[in-house]
Amino acid sequence: MGLITSLIFAGPISALYGAKQEGGIRGSVGRVTDYFHEKGLSAKDLPAALIFHEVISVGFAAFTWTVCYGTQPSVHIAKPLAGLPGATKVAKAFDRALTFSDKKVAAMGWLKKVPVVRNASPRRLTISLAESLVFRGSVKPITFGVKLYLSYKFVVWGKNRMNSHRNAPACLSLALPP
């Protein structure tokens, strides 16, 4: 939403301050397009960048879920907080939520067919998923920018690799010597 808002409002606001470019969304889109063209990217590169961005996202999600399953960060965080007032109310609500999720996970027959999680504890899977979601949500401002940068570098690397193969001389191994 922030990108759309900035595209809509950046032109008129910059026009107020004396910018000579065309205002509104057309001017903003033109500036964004020019920026990507200066970096060597075009609309044709968008599918590869999006796919790479999503692959990084899925890999990071799986990694954090696995780490949270193994380390159980909420257990380590909850121990010092157990003595605080109101902790029992929170613990009761948390237990009710876990009981509800246990029923839902038990109804997922397909989960028992997945080799990776077949022997895993359903309750630990649920808690570790929640822990990983909280962690990934808290570091999203950092990871989103990193994933965009890595996607950009991947697309540029792919374009450079394709161009270097196109400019290479043809193989003449079948040519007979004179």
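Trainee: What percentage of the contacts in the protein chain with a separation of 6 or more comes from residues 24 or more positions apart?
Mentor: Those residues account for 70% of them. Contact means heavy atoms within 4.5 Å. This is a predicted model, where local features need pLDDT of at least 70 and side-chain atom pairs count only at pLDDT 80 or more, while totals for chains, interfaces and linings use all residues. Residues are numbered from 1 along each chain as its sequence is written, and side-chain values use heavy atoms, with hydrogens and water left out.

Trainee: OK. How many helices and strands are in the protein chain?
Mentor: There are 7 helices and 0 strands. Both are DSSP runs numbered from the N terminus: helices are H or I, at least four residues, and strands are E, at least two.

Trainee: At what angle do α3 and α6 pack?
Mentor: About 125 degrees, with the axes 8 Å apart. That makes α3 oblique to α6. Under 35 degrees counts as roughly parallel, over 145 as roughly antiparallel, 65 to 115 as roughly perpendicular, and the rest as oblique. The axes are lines fitted to C-alpha atoms over the stretch in contact, and angles run from 0 to 180 degrees between N-to-C directions. Helix α3 covers residues 46–71 and helix α6 covers residues 122–138.

Trainee: Which residues of α3 meet α6?
Mentor: From α3, they are F60, A61, T64, W65, C68, Y69 and G70. Their partners in α6 include L125, S128 and F135. The residues of this contact divide into 8 nonpolar, 4 polar and 3 charged. Ala, Val, Leu, Ile, Met, Phe, Trp, Tyr, Cys and Pro count as nonpolar, Asp, Glu, Lys and Arg as charged, and the others, Gly among them, as polar.

Trainee: Is S128 buried or exposed?
Mentor: S128 counts as buried, at 1% relative accessibility. Buried means under 20% relative accessible area, exposed over 50%, and partly exposed in between (1.4 Å probe, protein chains only).

Trainee: What does S128 touch?
Mentor: W65, C68 and Y69, not counting residues up to four places away in sequence.

Trainee: New topic. Which residues make up the largest nonpolar core?
Mentor: V105, L111, V117, A120 and L125, 5 residues in all. Such a core is a set of buried Ala, Val, Leu, Ile, Met, Phe, Trp, Tyr and Cys residues joined through side-chain atoms within 4.5 Å.

Trainee: Last one. Where is Q72?
Mentor: Q72 sits in the loop between α3 and α4 (73–81). Its phi is near 50 degrees, a positive value in a residue other than glycine. Most residues other than glycine have a negative phi. Q72 is partly exposed, with a relative accessible area of 28%.
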